[in-house]
Amino acid sequence: MTERLLPESFDFDGPFPKLSRRLRLGVVGGGRISATQTTAARLSDLWEVTAGALSSDAARSKARGAEWYLPQERCYTSFEDMARAEAARPDGVDAVMITTPNHLHFAAAKAFLEAGIDVLCDKPLTNEVGEAEDLVSMAAQTGQVFGVGYVMSCFPMIRQAREIVAAGQIGKINQIHVEFLQDWMTPQDVEDAPHVKWRLDPKVSGPTSCVGDIGTHAAHLASFVSGLDMTHLRAEFHVCGAPKPLEDTAFMFTRYAGEVPGTLMATRLAPGNRGGLRLRIYGSEGGVEWDLEQAEQLKLNIYGQPDQLLSRGHGHGLSARTERLVRAGRGFPEGIIEAWANLYTELAMAVAARRDGVAIPEGWLAFPKVSEGANGVRFIAASVRSNTAQGSWTSIP
C-alpha cells in the first residue's frame, strides 16, 4: 500500500494538518547555521534529522553527526555520495537542507534534485544567474519542492503585513524603504575569524559579501510584503571598516513595478545594531512598519486615524493564516528559531503534498520558492553591475 502523509481531507484555511509520520531530513554543511536550522526543524515537530554530509573529513563528519545522534553509516563526506545513498534507501531522506558556503549551493542542489530528493537551500541560491535559472528549470521539470532560506518572510507579523498590503488597506503603494544594519564586522581583526574568511573570499562568497548575505534578505522582504518586483536599482558598494576584498556596506536607490521608488541600505558596521532589519511600506491611505528587533509587533497607520500596534498572539486580531504560524500565546515571546520552524512547517506540507499527489491551493503555503531565490541572484548581479558603472541605474531582468 502506498504511504500517505496527509489526511484524506483537511481545512486549507485552518491549522496545518497532522502528517502520518515525521519527515526525514538530511543536512549538507556542518556550520553554525545548520545547527540553528536543525533545532528549528525539530521544533516544527514535523522532521527528524536522519543523515548528513557535515564535513569532507570522515572523522569530523562522524563526530558532528554524533552530536546530532546520526548513525555513523549515514554521516557522509560528500553530498554526491549522500544523494546517491539516500535515494537508494527505503528509509532515505525526504528532503535536504543545504547550508554550505555559497559556491557549493548549485552543485549540491543539482545532485539532490537529480536523485529525486526535495531541497531547501540557503541564500543566496547560487553565485551565478545562469546556475540559478538552471535550478528553477530543474525544479519545474521534476515538480520537486525547492525552498530557499529567506527566513525573514516567515515571521507571523510579516505574513500579517503582507495580507494588509494585499488587501489594499494602505492604498496604492507609493514608496518602499528597507534596511539591514548589523555591527559584527566593526572590529578591525574580524577578518581573521574562520566563519568570516569565506564570506570575504570572492571564490566562495561570489562577487559580493554584504549584499549577497544580508542585502538579499532586505530585497526579498520588500518584494514579499509589497507584492512588487524590484525592477531597477542604483548601487554603491563601500568598505567602511578595515580593508577587505569585498564590500561591508551598500547603499541603493530602488524602483519597483509601477515606478514605485524606494531605498535599500545594508551594512555590517553599524555599532548597536545586532539585527537591524527594518521595513517601511507607505501608500496612499497609510503605511506598515516592521523591525526585526521588535519582531512581534507590526505598526499600521491609516492616515488621519490613531496608529495601531498589532501584536503577535492568538486571538489578537490576526488573520487565521497568520495565527497558524503562531506557536505560543500572548506574553510568551517568539523569535528567529520559531520563524525558521515556520519555514520548515510549510516545507513539510509541500513535501507531503507532492508525495501524496495533492495540489496545493493558491495561498496555502508562502515559504520562499526557488524562483524567489533566482530573483535574489539577479538582484545581486544587477547591484554589482551598477556599482561597477559608478552607481548608474541598472535594470533587473
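**Close-up 1. Residues around the largest pocket of this predicted model.** The largest pocket has a lining of 47 residues, and those nearest its centre are Arg32, Ile33, Asp122, Trp198 and Arg199. A pocket is an open set of points, on a 1 Å grid over the protein atoms alone, where a 1.4 Å probe fits, with protein on both sides within 12 Å along at least five of seven lines; lining residues have an atom within 4 Å of a point. The space in the largest pocket is about 1,400 Å³, a volume being the space filled by probe spheres set on the points, which are joined across faces, edges and corners.

Residues are numbered from 1 along each chain as its sequence is written. In this predicted model, totals for linings use all residues, whereas local features need pLDDT of at least 70 and side-chain atom pairs pLDDT 80 or more, and side-chain values use heavy atoms, without hydrogens and water.

**Close-up 2. Elements and residue classes in the lining of the largest pocket.** At least two residues each come from helices H1 (32-43), H2 (58-67), H3 (79-88), H9 (210-226) and H11 (336-356); helices are DSSP runs of H or I with at least four residues, and strands are E runs of at least two, numbered from the N terminus. H9 supplies the largest share, 4 residues. The lining holds 17 nonpolar, 20 polar and 10 charged residues (nonpolar: Ala, Val, Leu, Ile, Met, Phe, Trp, Tyr, Cys and Pro; charged: Asp, Glu, Lys and Arg; polar: the others, Gly among them).

**Close-up 3. The second largest pocket.** About 920 Å³ of space lies here, lined by 41 residues, with Arg162, Ser223, Phe224, Ala366 and Glu372 nearest the centre. H9 gives the most to this lining, 7 residues. The lining comprises 20 nonpolar, 10 polar and 11 charged residues.
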